[in-house]
Amino acid sequence: MSYDNNNVFAKILRGELPCIRVYEDEQTLAFMDIMPQSEGHTLVVPKEAAATLLDISPAMLAATIQVTQRVAKAVKQVTGAPGLLIAQFNGAEAGQTVPHLHFHIIPRRGGESLRHHASETADMAQLQALAEKIKAALI
Ligand code: 5GP
């Protein structure tokens, strides 16, 4: 998959579109998914222009998965969800809709089915409140 500089996460990384941020460092950014599949659905993206897992440099991949683990711990603590789905799609045929590498952190609770992928936009005030709690829980 070739890299499209105008994909939505590239715009978020350049500050051209807003996001509800939970964590940022020199290599990565984590923010709330605006169409969460469950409460607490968070995304982690590298700051490298890589469309898929196959395109990114090993060092940036390492940084991104380490931040994914760190943010996932905070998401689990805040949501109280007993399970976490960590998902990552490579290519439209595999279900990828935004062509910039990202890891999904999706809380899973017993008996709860996931909302459809990228379907319903969440209440922004609720997402913001959740993001503040996740930020505070980051260690
Ligand atoms: P993919 O299908 O590429 O793995 O997932 C893309 C994810 O990005 C979906 O879960 C979708 O809800 C989310 N998403 C799409 N557009 C935006 C946006 O503008 N802002 C945020 N925060 N998430 C988005």
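Okay, Gly-91: this glycine is buried, at 10% relative accessible area, where buried means under 20%, exposed over 50% and partly exposed in between, with a 1.4 Å probe and protein chains only. Gly-91 is in the loop between β4 (83-87) and β5; helices here are DSSP runs of H or I with at least four residues, strands are runs of E with at least two, and both are numbered from the N terminus.

Quick housekeeping. What you're looking at is a predicted model, so local features need pLDDT of at least 70 and side-chain atom pairs count only at pLDDT 80 or more, while totals for chains, interfaces and linings use all residues. Numbering starts from 1 along each chain as its sequence is written, and side-chain values use heavy atoms, with hydrogens and water left out.

Now the ligand. Where does the ligand sit? In the largest pocket. On a 1 Å grid over the protein atoms alone, a pocket is an open set of points with protein on both sides within 12 Å along at least five of seven lines, whereas a cavity is a set where a 1.4 Å probe fits but cannot get out; lining residues have an atom within 4 Å of a point. To sit in one, a molecule needs more than half of its atoms within 2 Å of the grid points. Two elements give two or more residues to the shell around the ligand, α1 (8-13) and β2 (28-32), and α1 gives the most, with three residues.

Of the 19 residues around the ligand, the ones that come nearest are Asp-33, Thr-97, His-102, His-104 and His-117; near means a heavy atom within 4 Å. On polar contacts, meaning N or O pairs within 3.5 Å (within protein, one must be able to donate a hydrogen and the other to accept it, and residues adjacent in sequence count only if both atoms are side-chain atoms), a polar side-chain atom of Asp-33 is 2.4 Å from a ligand oxygen. Thr-97 also has a polar side-chain atom 2.7 Å from an oxygen of the ligand, and for Gly-95 a backbone N or O atom is 3.1 Å from a ligand oxygen. The protein covers 92% of the 530 Å² of accessible area that the ligand has on its own, by Shrake-Rupley with a 1.4 Å probe; for residues, only the protein chains shown count as cover.

Next, some threonines. Thr-42 is in strand β3 (residues 42-46) and is buried, at 0%. The side chain of Thr-42 puts a polar atom 2.7 Å from the backbone oxygen of Gly-40. Beyond four places in sequence, Thr-42 touches residues including Asp-33, His-104 and Phe-103, contact being heavy atoms within 4.5 Å.

Over in helix α2 (residues 58-79) we have Thr-68, buried at 2%. Past its sequence neighbours within four places, Thr-68 is in contact with Val-44, Ile-86, Phe-103 and Ile-105. A polar side-chain atom of Thr-79 is 2.8 Å from the backbone oxygen of Val-75.

Last one: which residue has a positive phi although it is not a glycine? That's Ala-118, at about 45 degrees. Most residues other than glycine have a negative phi. Ala-118 is in the loop between β5 (103-108) and α3 (124-137), and is partly exposed, at 39%.
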